[in-house]
Amino acid sequence: MVFSKDNMTGIILALLSSVFIGASFIIKKKGLRRAAVVSGVRAGVGGYSYLLEPLWWIGMITMIVGEIANFVAYAFAPAVLVTPLGALSIIVSAVLAQIILKEKLHPLGILGCVLCIIGSVVIVVHAPQEHPISSVKEIWYMATQKAFLLYMGSVIVLVFILVFYFAPQCGHSNVLVFTGICSLMGSLSVMSVKALGTSLKLTVEGKNQLIYPETWAFMFIVAVCVVTQMNYLNKALDTFNTAVVSPIYYVMFTTLTIVASVIMFKDWDGQNIGSITSEICGFIVVLSGTILLHVTKDVERSSSFRGNYTPSSPSLSTRLCNSNGESHKHEEEHESYSEEADSRRQDLQV
């Protein structure tokens, strides 16, 4: 398949974004460990000594660079191509964790990495070409079509129902509430980010789009959606185990983003059924690999916990359906203390 210049640029930026973001997790974690050794207080229990640790700031800068690359990638390539490639950051962090942090990667985790790579290759090979856009007004016209207005209206109604009805009642006992809110808002934020990124790209090329109110409208929508998305993602991570939140959020967010992009930007128009089917299959393979990676992390943590304590840790499905994850939070706390002790021993040896 022949890639257009824009598509190739978008793919390269998305891959670089995954590398930077994946590496940033490891660098920041290394910085947190060093800060905990020096101060004796972990960030998880209220310590802020990591703010004085240069390594943590290097990790933060690396993450910012990755996010900027991801933002620019949306200006060059379709969201159905850029968004699924974000799963590659999990592979980068998993591999670097084994090399730098000496965290053992489960054999099934390796299989998950392979599945993510295979699925990503399938998506890239069969990805649609980016449609040329000459003005932000053209994007605004796409955003105000009946089909996308129906999608956007449905998202807003669902978010309001989740926020004002379900969140007070079962937000702290059902992981789908908080992750549903941030996934729904995330799909709108990506559409706005793509619109804003394209506007800035055209402006840099000499076609000033900042004079149009539509550009500023998209910027406002990005701000509202991102703030809401991050707020409820933090609530989900604070309430439930990360191994539960991460795969569910990735599946919901990526699926909704692809649906929104197909409706708004007509990404699949002009593609044959074979290419569309291949993209969907590639996406499913990436999802499978992502879930497998997170589940194997959960299994390793549970095994370690059961090796030190008699009560067994609840399964992923049990915590998803029947509990608020509190018991597993105790497990994570125990793991953090054990990890801190190990890191102290390693640093003292160095």
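Biologist: What is the relative accessible area of Lys 266?
Modeller: First, a caution: this is a predicted model, in which local features need pLDDT of at least 70, side-chain atom pairs count only at pLDDT 80 or more, and totals for chains, interfaces and linings use all residues. Residues are numbered from 1 along each chain as its sequence is written, and side-chain values use heavy atoms, leaving out hydrogens and water. Now the idea. Buried means under 20% relative accessible area, exposed means over 50%, and partly exposed lies in between, using a 1.4 Å probe and protein chains only. Lys 266 has 28%, so Lys 266 is partly exposed.

Biologist: Where is Lys 266 found?
Modeller: Helices are DSSP runs of H or I with at least four residues, strands are runs of E with at least two, and both are numbered from the N terminus. Lys 266 sits in the loop between α10 (242–265) and α11 (273–308).

Biologist: What is the phi of Lys 266?
Modeller: Most residues other than glycine have a negative phi. Lys 266 is not a glycine, yet its phi is positive, at about 55 degrees.

Biologist: How many helices and strands does the protein chain have?
Modeller: The protein chain has 13 helices and zero strands. Of its 350 residues, 45% count as buried.

Biologist: What share of the contacts comes from residues 24 or more positions apart?
Modeller: Contact means heavy atoms within 4.5 Å. Take the contacts in the protein chain with a separation of 6 or more: residues 24 or more positions apart account for 82% of them.

Biologist: Which residues touch the most other members of the largest nonpolar core?
Modeller: A nonpolar core is a set of buried Ala, Val, Leu, Ile, Met, Phe, Trp, Tyr and Cys residues joined through side-chain atoms within 4.5 Å. The largest one has 70 residues, and Leu 81, Phe 148, Met 191 and Met 264 touch the most other members. Helix α8 (residues 175–204) gives the largest share of this core, 13 residues. Look at Leu 81: not counting residues up to four places away in sequence, its contacts include Ile 11 and Val 124.

Biologist: Is Ser 183 buried or exposed?
Modeller: Ser 183 belongs to helix α8. Its relative accessibility is 0%, so Ser 183 counts as buried. Beyond its neighbours within four places in sequence, Ser 183 contacts Tyr 249, Met 252, Phe 253 and Leu 256. Thr 198 is also placed in helix α8. Thr 198 counts as buried because its relative accessibility is 5%.

Biologist: At what angle do the axes of α6 and α9 cross?
Modeller: Two packed helices are described by the angle between their axes and the distance between the axes. Axes are lines fitted to C-alpha atoms, for helices over the stretch in contact, and angles run from 0 to 180 degrees between N-to-C directions. Helix α6 (residues 136–143) and helix α9 (residues 213–239) have axes that come within 9 Å and cross at roughly 55 degrees. That makes α6 oblique to α9. Under 35 degrees counts as roughly parallel, over 145 as roughly antiparallel, 65 to 115 as roughly perpendicular, and the rest as oblique.

Biologist: Which residues of α6 meet α9?
Modeller: Val 136, Lys 137, Ile 139, Trp 140 and Ala 143 do, and their partners in α9 are Glu 214, Thr 215, Ala 217 and Phe 218. Val 136 counts as buried because its relative accessibility is 0%. The C-alpha atoms of Val 136 and Ser 199 are 5.7 Å apart, although 63 residues separate the two along the chain.
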